[in-house]
Amino acid sequence: MPKSPGALRIGIIFHGSKIWLSEFVSIICVTLLLLTLFTFSLIILRNEFTSHRYASQITALKSERIYLEHQKKVLLEKNRLAQLLCHSIGSKLPPHTIYHLSEIIYTNSRQYGYDPILLLAVIRVESLFNPSARGKFRSGNLSGALGLMQIKLETAQEMANLMGMGKLSSDDLLKPEVNLVLGVAYLTKLISRFKDFKLGLLAYNAGPGVIRGNLSRKQPLSMKYYKRVLHHYYKFQKSVQELKLTDSFSACD
């Protein structure tokens with residue numbers, strides 16, 4: 001008696017063994033599923049690796065962008081100082097000297113946390129931006145104050161010893177890079193000693209002994225020097241706004 005169609009089974013030979021068609025289809029499906037999962041796993045791993053590589057590159061590019069933006073800001077500030085110097089002293093100094101001064105002023109002011117324009121105002125009052133300036137008393141005799149920050153040799157040597165700079169000469173203090181380093185360090189020391197910017201600035205001009213003496217005797221302090229520095233500071237700030245100095249990289253055109 002023939003078998004019913006539902007009971008019909010079709011056999012195939014696979015490696016010498018008889019496997020039913022339904023089982024063979026299941027094996028094929030499972031194999032395809034495993035291959036698909038394996039392929040997806042490879043794609044995911046590849047994407048993860050690529051994403052990680054791109055993320056590292058993006059992070060590096062962001063860091064470089066931050067660095068370049070900072071450098072641009074620094075260059076603009078240095079250029080602003082150079083323009084202020086050009087605007088203030090005109091042709092008294094050659095352009096290369098002005099650029100050199102702006103570089104030194106910026107570096108030293110930022111090292112101690114000053115506004116570069118404030119340091120510019122102190123130099124304006126002290127020496128009129130003349131690196132070879134020699135201070136004089138009202139009598140006309142030389143006071144011993146030298147250079148841009150008008151610092152005396154003995155005071156400069158004291159600071160140089162603290163900073164490990166070795167023996168100094170008067171000629172050394174006529175070099176802007178030496179004078180500014182020692183002058184700003186001394187001003188910072190006085191501000192720290194008196195714990196007050198105004199008193200420190202007055203002590204830089206009149207001497208710390210004079211300021212201490214006036215304070216101990218409760219005598220009024222002369223504010224003339226302090227007001228002169230602030231006058232030029234605000235004047236320079238106004239020049240920045242009027243001339244829009246931060247909008248351009250040109251200085252002594």
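These legends go with close-up views of a predicted model.

View 1

**View 2. Leu 182 and its neighbours.** Leaving aside residues up to four places away in sequence, Leu 182 touches Ile 151, Ala 156, Met 159, Ala 160, Met 163, Met 165, Leu 168 and Leu 173.

**View 3. Helix α4 packed against helix α5.** The two axes sit 9 Å apart and cross at an angle of about 90 degrees. An angle of 65 to 115 degrees counts as roughly perpendicular, so α4 is roughly perpendicular to α5. On the α4 side, the contact is made by Thr 155, Ala 156, Glu 158, Met 159, Ala 160, Leu 162 and Met 163. Facing them from α5 are Val 181, Leu 182, Ala 185, Tyr 186 and Lys 189. Sorted by class, that contact comes to nine nonpolar, one polar and two charged residues.

**View 4. The buried residues of α4 and the end of the helix.** Thr 155, Ala 156, Gln 157, Met 159 and Ala 160 are the buried residues here. What covers them includes β5 (151–152) and α5. Just after α4, look for Gly 164, which takes a positive phi of about 65 degrees.

**View 5. The tilted aromatic pair of Phe 129 and Phe 236.** The count of aromatic pairs in the model is three. In this one, the rings are 6.4 Å centre to centre, with 50 degrees between the planes. Phe 129 belongs to the loop between α3 and β3 (134–136) and Phe 236 to helix α8, so the pair ties together parts that are 107 residues apart in sequence. Both partners are buried: Phe 129 has a relative accessible area of 2%, and Phe 236 has one of 4%.

**View 6. Asn 214 in helix α7 (residues 208–216).** Is Asn 214 buried or exposed? Its relative accessibility is 14%, so Asn 214 counts as buried, given a cut-off of under 20%. Apart from residues up to four places away in sequence, Asn 214 touches Gln 219, Pro 220 and Leu 221.

Technical notes:
Residues are numbered from 1 along each chain as its sequence is written. This is a predicted model: local features need pLDDT of at least 70, side-chain atom pairs count only at pLDDT 80 or more; totals for chains, interfaces and linings use all residues. Side-chain values use heavy atoms; hydrogens and water are left out. Helices (H or I, at least four residues) and strands (E, at least two) are DSSP runs, numbered from the N terminus. Buried means under 20% relative accessible area, exposed over 50%, partly exposed in between (1.4 Å probe, protein chains only). Contact means heavy atoms within 4.5 Å. Axes are lines fitted to C-alpha atoms, for helices over the stretch in contact, and angles run from 0 to 180 degrees between N-to-C directions. Angles under 35 degrees count as roughly parallel, over 145 as roughly antiparallel, 65 to 115 as roughly perpendicular and the rest as oblique. Ala, Val, Leu, Ile, Met, Phe, Trp, Tyr, Cys and Pro count as nonpolar, Asp, Glu, Lys and Arg as charged, and the others, Gly among them, as polar. Rings of Phe, Tyr and Trp (its six-membered ring) pair if their centres lie within 6.5 Å; planes under 30 degrees apart count as stacked, over 60 as edge-to-face and the rest as tilted.
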